[in-house]
Amino acid sequence: MIEVVELSKRYGDKVAVDTLTFQVRPGVVTGFLGPNGAGKSTTMRMILGLDAPTSGRVTVNGRRYAEHRAPMRQIGALLEAKAVHAGRSARNHLLALAATHGISTRRVDEVIDAVGLREVAGKRAGGFSLGMGQRLGIAVALLGDPAVVMLDEPVNGLDPDGIRWIRDLLKGLAAEGRTVFVSSHLMSEMAQTAEHLIVVGRGRLLADVSLTEFTRRASQTVVRVRSPQAAALRELLAGAGVTVTSGEPGALEVTGLTREQIGDRAAAARITLHELSASETSLEDAFMSMTRDAVEYAGTPVRSPR
Ligand SMILES: Nc1ncnc2c1ncn2[C@@H]1O[C@H](COP(=O)(O)OP(=O)(O)OP(=O)(O)O)[C@@H](O)[C@H]1O
């Protein structure tokens with residue numbers, strides 16, 4: 001479990017993380033979602049004690065990272081592509097780390113198998129592709145058999161096979177009862193991986209919700225209407241809670257009214273309709289509008305009970 005309480009980080013005038021409070025629980029994959037520069041990496045560095053908070057606190061399994069006697073057994077992390085001794089083989093790299101942390105050779109071979117690097121474990125890590133390097137980074141994270149696994153943008157730059165592999169691995173780790181915290185700036189990716197979402201924008205918490213709840217709130221229906229009397233129809237439909245936009249002449253996109261309500265009003269006003277159809281907004285749209293309006297949402301993060 002990761003617990004973040006009123007956590008803030010300033011760099012000079014820049015507030016990178018702004019009074020963030022949230023918990024990451026075991027047994028599910030929690031996505032840490034936000035556009036570039038939202039403060040995700042800074043938060044993750046503070047979780048690992050690599051950066052000191054300006055204020056607030058963060059604990060991993062009840063203690064600050066530095067207070068754990070064997071931190072690698074508590075939390076395994078992959079931040080940006082790790083610096084690996086390029087001349088060393090993947091296995092030797094893992095063996096060296098294991099030796100300094102009192103971890104057995106058996107465990108090294110277990111993680112090599114878990115990340116699918118057995119065939120190349122004896123090769124120089126310097127010659128690894130991005131995907132293989134990422135697997136090696138994950139092997140390092142898993143070496144201490146940690147209760148918490150945290151990965152910063154692990155799918156960046158990977159091909160579809162690599163992306164699917166990471167997705168399945170994360171779900172498997174959560175199913176084993178571990179706490180899995182993974183960042184991304186892509187809603188579409190998180191929708192396929194995470195069960196719970198922590199959404200941040202400009203360093204602030206925007207949402208702490210289950211994916212199901214986020215999807216339910218996001219699915220706003222847009223009704224598309226075409227009419228030769230579009231201007232008159234627009235005036236007729238205007239009102240509180242209704243937005244009407246027009247992308248092309250003669251067509252309107254309406255939210256806040258059902259198809260039936262629009263059809264009935266048009267009929268009563270003797271306005272001819274050529275089209276009346278409904279479509280759902282995508283999760284990506286909902287995420288984009290939530291983070292674009294970060295300032296507006298800042299005071300009232302969306303939270304759902306767990
Ligand atoms: N060492 C630093 N010195 C100054 N500003 C920093 C430093 N580290 C981060 N920042 C700033 O803090 C803000 C948050 O950055 P951070 O890297 O945490 O965001 P992020 O959500 O991880 O984004 P990305 O996906 O681009 O990495 C950004 O505006 C960034 O420029």
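Mentor: A nonpolar core is a set of buried Ala, Val, Leu, Ile, Met, Phe, Trp, Tyr and Cys residues, joined through C-beta atoms within 7 Å. Buried means that 20 or more other C-beta atoms lie within 10 Å of a residue's own; exposed means 12 or fewer; partly exposed is in between; the C-beta atoms are placed from the backbone. This is a predicted model: local features need pLDDT of at least 70, side-chain atom pairs count only at pLDDT 80 or more, and totals for chains, interfaces and linings use all residues. Numbering starts from 1 along each chain as its sequence is written.

Trainee: Which residues have the most contacts inside the largest nonpolar core?

Mentor: Leu-94, Ala-139, Leu-143, Met-150 and Leu-197, in a core of 67 residues. Helix α5 gives the most, 6 residues. A second, separate core of 11 residues includes Leu-233 and Ala-266.

Trainee: What is buried in α4?

Mentor: Val-108, Val-111 and Ile-112, within residues 105-114.

Trainee: Why are they said to be on the same side?

Mentor: They cover an arc of only 105° around the axis, so they lie on the same side of α4. The arc is taken over directions from the helix axis to the C-beta atoms. On the other side, Arg-106 and Asp-113 are exposed. The cover over the buried residues of α4 includes α3 (90-100) and α5 (130-142).

Key: Helices (H or I, at least four residues) and strands (E, at least two) are DSSP runs, numbered from the N terminus. Two residues are in contact if their C-beta atoms, placed from the backbone, lie within 7 Å.
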